[in-house]
Amino acid sequence: MAAASTSMAATAVFASRFPVCSTTKAAPARCSATPYLPPRLSATSFSSSIKFAEPKRSSLLQVKASSSEESGAVDTSELLSDLKEKWDAVDNKSTVIIYGGGAVVAVWLSSILVGAINSVPLLPKIMELVGLGYTGWFVYRYLLFKSSRKELAEDIEQLKKKIAGTE
């Protein structure tokens, strides 16, 4: 009996560390390890020129910025005519379509690969460590000293020339 009351007390103390699950007849069980926290909104931290609008059903903050200049407006007919001129200037349209389709497929496959890597429990943290290590090495190798920065700039220029085909 004493062991049962001790385990109940331990369960009550550590209950907040376990995922919170909710089940209904219509929906399957949904678990969340993080508790619900209301959003922190402070209207005093923004300038008075920003307008706030709160939707009726949502507690999210919407900010609308306005400008006195209309320089950001894009004429869609001019943009479409420019795109059509550039497309008409392309000699080998099938190659451009194949490269574009290949790029879309490559992005799709890479997103699948990243999702698969992310689903393995320890692998994302290991990949973060590898990324941090490589970033540290890159900073030490190319950015820390002036001579190595010049070397990096020369390497980038050489790569640009290779891509452009001027070399």
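This is a predicted model: local features need pLDDT of at least 70, side-chain atom pairs count only at pLDDT 80 or more; totals for chains, interfaces and linings use all residues.

User: Where is Leu 143 found?
Analyst: Look at helix α4, which covers residues 123-143. Leu 143 is found in that helix.

User: Nice. Let's zoom out: how many helices and strands does the chain have?
Analyst: There are five helices and four strands. Going along the sequence, the order reads α-β-β-β-β-α-α-α-α.

User: How much of the chain counts as buried?
Analyst: The figure is 2% of the 167 residues.

User: Where does UniProt place the "transmembrane region" feature?
Analyst: An unreviewed UniProt entry puts that feature at residues 96-120 and at residues 126-144.

User: What does the chain look like over residues 96-120?
Analyst: That span is 96% helix and 0% strand. Its end C-alpha atoms sit 37 Å apart.

User: And what about residues 126-144?
Analyst: Here the model gives 95% helix and 0% strand, with 26 Å between the end C-alpha atoms.

User: Switching to charges: how many salt bridges are in the whole structure?
Analyst: A search turns up three. As background, side chains of opposite charge can pair when their charged atoms come close.

User: Which residue does Glu 128 pair with?
Analyst: Its partner is Lys 125, and the closest N and O atoms are 4.0 Å apart. Both residues belong to helix α4, three residues apart, which is about one turn of the helix.

User: What does Arg 141 pair with?
Analyst: Arg 141 forms a salt bridge with Glu 151, at 2.9 Å from N to O. This pair links distant parts of the chain, with Arg 141 in helix α4 and Glu 151 in helix α5 (residues 146-164), ten residues apart.

User: Why does Glu 151 count as partly exposed?
Analyst: Because its relative accessible area is 30%. Arg 141 is also at 30% relative accessibility and counts as partly exposed.

User: Which side chain meets Glu 157 in a salt bridge?
Analyst: That would be Lys 160, with 3.5 Å from N to O. You'll find both in helix α5, three residues apart, or about one turn of the helix. Glu 157 is partly exposed, at 40% relative accessibility.

User: One last topic: which residues form the negative surface patch?
Analyst: Asp 75, Glu 78, Asp 82, Glu 85 and Asp 88 form it.

User: Where does Asp 75 sit?
Analyst: Asp 75 is in the loop that runs between β4 (62-64) and α2 (76-89). With 42% relative accessibility, Asp 75 counts as partly exposed.

Notes: Residues are numbered from 1 along each chain as its sequence is written. Side-chain values use heavy atoms; hydrogens and water are left out. UniProt positions are given in the numbering used here, feature names are shortened, and annotations may be inferred rather than shown by experiment. Helices (H or I, at least four residues) and strands (E, at least two) are DSSP runs, numbered from the N terminus. Patches are made of residues with over 30% relative accessible area and no salt bridge: like charges are joined within 9 Å, nonpolar side chains (Val, Leu, Ile, Met, Phe, Trp, Tyr) within 5 Å. Accessible areas come from the Shrake-Rupley method with a 1.4 Å probe; for residues, only the protein chains shown count as cover. Lys and Arg count as positive and Asp and Glu as negative; His and the chain ends are not counted. The place of a charge is taken as NZ of Lys, CZ of Arg, CG of Asp or CD of Glu. Buried means under 20% relative accessible area, exposed over 50%, partly exposed in between (1.4 Å probe, protein chains only).
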